[in-house]
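Here are some notes to read beside the model, written point by point. Please keep the sequence and the structure open while you go through them.

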Amino acid sequence: LMHLRLAAVLDLLRAGLNVWFTDVDAVFNLDPFPFLSKKNYQVEFGYDTPFLPKGKDSPLMVMAGFFFMRECGAHPSNCRLLTETAAYQRENPSKHDQYCLNHVLALHPEIEYGLLDPLLFPNGILFFSDRAPQMLGVKAVVVQNNHMTGVASK
């Protein structure tokens, strides 16, 4: 089922639109666009590992449900990434969409992507459990409530 949402994102990217994709459990506190990297990466992902990264060699898991992706005309590898991810999901229906995206992304080192600052765009563990942004006096731009499962807990 998750490959269907990638199909919708692909339609928008192919139509020449940039897409900020987010799951419904995100809370926007500020306009996120001013906080994108000045390097104009073709895609910027939310970081979804339960600790703050300690440099480029930190273990990495990007969020399948939170990213900013630039249109496919100038960045055709974005469409390939999502097309291959959707195909991998269909072939491996027991795999979580995030696993599928990270698996396919690892096969494409040519894709230049950025990571959204995990203090400004924290996942649920960093914000609700570790309280990293709050302890450092950082106002989170967008908070992902992805560490809780189920409707009642959210």
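1. Helix 1 (residues 2–14) and helix 2 (residues 76–91) pack with their axes 9 Å apart and at an angle of about 160°. Axes here are lines fitted to C-alpha atoms, for helices over the stretch in contact, and angles run from 0 to 180 degrees between N-to-C directions. Helices (H or I, at least four residues) and strands (E, at least two) are DSSP runs, numbered from the N terminus. Helix 1 and helix 2 are therefore roughly antiparallel to each other, a label given to angles over 145 degrees, whereas those under 35 count as roughly parallel, 65 to 115 as roughly perpendicular and the rest as oblique.

2. Before going further, please note that this is a predicted model, in which local features need pLDDT of at least 70 and side-chain atom pairs count only at pLDDT 80 or more, while totals for chains, interfaces and linings use all residues. Residues are numbered from 1 along each chain as its sequence is written, and side-chain values use heavy atoms, with hydrogens and water left out.

3. Which residues make the contact of helix 1 with helix 2? On helix 1 they are M2, H3, L6, V9, L10, L13 and R14, and on helix 2 they are C79, L82, T83, T85, A86, Q89 and R90, where contact means heavy atoms within 4.5 Å. Sorted by class, this contact of helix 1 with helix 2 has eight nonpolar, four polar and two charged residues. (Ala, Val, Leu, Ile, Met, Phe, Trp, Tyr, Cys and Pro count as nonpolar, Asp, Glu, Lys and Arg as charged, and the others, Gly among them, as polar.)

4. The structure holds two salt bridges, a salt bridge being a side-chain nitrogen of Lys or Arg within 4 Å of a carboxyl oxygen of Asp or Glu. In one of them the side chains of D23 and R5 meet at 2.5 Å, N to O. D23 lies in the loop between strand 1 (19–22) and strand 2 (26–28) and R5 in helix 1, so this pair ties together parts that are 18 residues apart in sequence.

5. The side chains of D97 and R5 also meet in a salt bridge, at 2.5 Å, N to O. Because D97 lies in helix 3 (residues 97–106) and R5 in helix 1, the pair ties together parts that are 92 residues apart in sequence. Salt bridges that share partners join R5, D23 and D97 into one network.

6. Are D97 and R5 buried or exposed? Both D97 and R5 are buried, which is to say under 20% relative accessible area, with exposed meaning over 50% and partly exposed in between (1.4 Å probe, protein chains only). D23, at 26% relative accessibility, counts as partly exposed.

7. Seven of the 10 residues of helix 3 are buried, so helix 3 is largely enclosed by the rest of the structure. What covers these buried residues includes helix 1, strand 3 (43–47), strand 4 (62–69), helix 2 and strand 5 (113–115).

8. The axes of helix 2 and helix 3 come within 9 Å and cross at roughly 130°, and the two helices are therefore oblique to each other.
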